[in-house]
Amino acid sequence: MISARELSKHFRGPGGKTVVAVSDLTMDVAPGSLTAFLGPNGAGKSTSLRMLTTLLEPTGGTATVCGHDIAREPAEVRARIGYIGQKNGAGQYQRVRDELLSQGALYGLGRAETRRRADELVEILGLTELVNQPTMKLSGGQRRRVDIALGLIPGPRLLFLDEPSTGLDPQSRAHLWQHILELRERYGMTLFLTTHYLDEADQFAERVMVVDQGRIIADDTAPRLKTSFAGDRITLTVDGDPGGAVAVVRRAAADSAAADPEPEVTPAGAGTRIVVGVNHGDRVLPALLRELDRVGHQVLTAELARPTLDDVFLNLTGRSLREENQTADGVPTPETTHVGAAR
Ligand SMILES: Nc1ncnc2c1ncn2[C@@H]1O[C@H](COP(=O)(O)OP(=O)(O)OP(=O)(O)O)[C@@H](O)[C@H]1O
């Protein structure tokens with residue numbers, strides 16, 4: 001559906017300096033998939049999307065989208081895709097329904113076909129009560145849904161969404177996602193979206209491409225990224241002399257092929273806290289507790305933390321994506337609440 005080879009984009013920045021917004025973007029995206037482009041502000045996500053949607057000419061490299069070359073056949077590409085940018089596309093004064101009908105006319109759809117499609121989208125996107133409202137009177141979440149309906153009027157096979165839920169409150173975000181997933185189910189569309197919300201990428205995308213400073217630095221399913229780039233973490237507090245317990249923990253971590261099996265040992269109240277990174281913590285922890293019990297160490301508390309996509313980003317870049325977003329937006333990203341969730 002998308003095939004990009006060494007796509008790059010350079011801009012002239014302040015003082016004539018070259019800004020490398022995207023560097024050597026190479027990827028293949030399968031039909032029907034939901035891919036998230038995850039990265040901090042300024043990572044190059046929007047620029048990549050704007051090149052793939054033919055809105056921006058690449059500095060180098062090639063790409064085909066829906067089987068057509070973005071540079072040589074932009075009209076063919078545009079006829080097959082939908083693109084929902086960061087800024088609201090919906091006008092201010094038109095009513096929602098008129099806006100949708102104008103969009104159909106713009107794409108050359110017949111009146112009957114446009115009406116059928118508008119009615120269907122209004123229903124799926126929960127806009128029925130709002131069709132006679134001018135878009136300027138809608139909330140942020142409602143406007144975003146109108147934007148999505150506008151993007152879907154021509155019936156694209158591939159939909160690009162640039163940060164669909166940025167700026168929405170958690171409830172509106174959840175609502176929007178419910179609609180996006182329903183649309184996908186109904187039309188079997190391929191979805192390619194950018195986000196800097198870790199939880200969205202983790203929960204909804206089948207494939208997560210982590211982008212930083214214009215490059216893809218990791219590309220896999222969220223569970224595999226977490227296993228490959230950030231292990232589980234076990235925290236125990238033990239009573240009495242911790243020497244023997246630390247040795248048992250070190251051995252268990254080494255047996256799990258942990259990248260760093262050396263435990264961190266710190267005093268914790270009357271006991272000692274032992275923290276270690278392991279692989280397959282769900283299996284290691286019970287065996288570890290049994291072994292500590294067998295050799296006579298009293299464990300006061302035990303905790304297993306599964307990694308988040310933020311841990312992945314931290315391990316890959318040495319920086320926290322959550323903190324980066326907080327600095328850039330002034331708004332903290334929501335907590336990652338779906339860590340290790342089964343899919
Ligand atoms: N028209 C432009 N002229 C100069 N520099 C630009 C232009 N557009 C983007 N950039 C720069 O390119 C880099 C990538 O920007 P881009 O908007 O693609 O990032 P992003 O990952 O989408 O960020 P955000 O999450 O904030 O939307 C940034 O350093 C940005 O300042």
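How many helices and strands make up the secondary structure of the chain?

## Overall architecture

In this predicted model, the secondary structure of the chain consists of twelve helices and 14 strands. The C-alpha trace spans about 80 × 45 × 35 Å along its principal axes.

The chain has 343 residues, of which 43% count as buried. Contacts between residues at least 6 apart in sequence may also be considered: 70% of these join residues at least 24 apart.

## Domains

The domain assignment divides the chain into domain 1, covering residues 2-226, and domain 2, covering residues 231-305. Taken over C-alpha atoms, the centres of domain 1 and domain 2 are separated by 45 Å.

## The largest nonpolar core

Which residues have the most contacts inside the largest nonpolar core? They are L38, L52, A149, A201, V208 and L309, and the core as a whole has 63 residues. Helix 5, which runs over residues 140-152, supplies the largest share of this core, namely five residues.

When its neighbours within four places in sequence are left aside, L52 is in contact with I2, A4, A63, V65, I70 and F160.

## A second core

Apart from the core described above, the chain holds a second, separate core of 15 residues. Among its members are L236, V246, V249 and V284.

Key. Residues numbered from 1 in each chain as written. Predicted model: local features only at pLDDT ≥ 70, side-chain atom pairs only at ≥ 80, totals over all residues. Core = buried A, V, L, I, M, F, W, Y, C linked by C-beta atoms within 7 Å. Buried ≥ 20, exposed ≤ 12 C-beta atoms within 10 Å, placed from the backbone. Helix = DSSP H or I, 4+ residues; strand = E, 2+ residues; numbered from the N terminus. Contact = placed C-beta atoms within 7 Å. Domains from an automatic or database assignment.
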